[in-house]
Amino acid sequence: MTDPRTPSYAGRTPLHEQHLDGFGTVRVLPLDAAEDAGEIHRWVSEERAAFWGMTELTRDQVEAVYAHMDTLDTHHAHLVVKDGDPVALLQTYEPGADRVSECYDVEPGDIGVHLLLAPAGAQGARPGWTAALAGALMAYVLLGLDRTRIVVDPDIGNEKAIARFLRQGFTAGPAVVLPEVDLPDVHLPEKKAQLAFLRREVAFPA
């Protein structure tokens, strides 16, 4: 069923729009912290999203996190919509301005990505669905933003996410410990992560 707030999504100018035969139309929209906080809060509150690190936050705290992110030039949040329905939260960031830069040698053209998929709908898991969606998002990040390499840093214990990235063509990097960040506007606990990388020429060979 289409979300009743779909018209608000339709009114936003997409950063990327792509139609995939047999799948649907994927649109990458700027996240609206106030308008989207309720949806995002529902996703991050579920136990399945424990590795996202926001299960204990209230809706207002989720809104505050993304309102703060909206003030940054280096970190960006996006709502991913498929055929009018919200299906994922995509965050991109400059690795050189992130704690991950302390754990690997950042190359020009690198971009960091965090991806949280919405819970499966009434249809349940659908074979090939995640791969199709990821393909559209990689097109946005690597081609639309003209980047040469994606870096991801899933929690070392998030075996499902790590396996998904490897299936999508990522190459595993080192296991690292991301240092704690304790600033007035943001606190991130220390995190044991598995780095993985995807080069543009691998995802989109000439």
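Is Arg147 buried or exposed?

What we have here is a predicted model, where local features need pLDDT of at least 70, side-chain atom pairs count only at pLDDT 80 or more, and totals for chains, interfaces and linings use all residues. Residues are numbered from 1 along each chain as its sequence is written, and side-chain values use heavy atoms, with hydrogens and water left out.

Okay, back to Arg147. At 17% relative accessibility, Arg147 counts as buried (buried means under 20% relative accessible area, exposed over 50%, partly exposed in between, with a 1.4 Å probe and protein chains only). The Arg147 side chain meets that of Glu94 in a salt bridge, 2.5 Å from N to O; by salt bridge I mean a side-chain nitrogen of Lys or Arg within 4 Å of a carboxyl oxygen of Asp or Glu. Glu94 sits in the loop between strand 4 and strand 5 (110-117), and Arg147 in the loop between helix 4 (129-144) and strand 6 (149-152), so this pair ties together parts 53 residues apart in sequence. Helices (H or I, at least four residues) and strands (E, at least two) are DSSP runs, numbered from the N terminus. Glu94 itself is partly exposed, at 30%.

How many salt bridges does the structure hold? There are 13. One of them joins Glu39 to Arg42, with the closest N and O atoms 3.4 Å apart. Both residues lie in helix 2 (residues 33-45), 3 residues apart, about one turn of the helix. Glu39 is buried at 9%, while Arg42 is partly exposed at 45%. There's also a network of salt bridges linking Glu107, Asp110, Arg149 and Arg199.

Now, on to strand 3, residues 75-82. Of its 8 residues, 7 are buried, so the strand is largely enclosed by the rest of the structure. On one side, strand 3 pairs with strand 2 (residues 24-30), antiparallel, over 5 bridges; strands pair if DSSP finds at least two bridges between them. Val28 has Val80 as its bridge partner there. Strand 3 also runs antiparallel to strand 4 (residues 85-93), joined by 8 bridges, and His78 stands opposite Leu90. Those two strands make a hairpin with 2 residues between them, and Asp83 in the turn has a positive phi of about 50°.

Last stop: Gln194, in strand 10 (residues 191-199). Gln194 is buried too, at 13%, and its side chain reaches the backbone oxygen of Gly173 at 2.7 Å.

Terms used. Polar contact = N/O pair within 3.5 Å; in protein donor to acceptor, adjacent residues only side chain to side chain.
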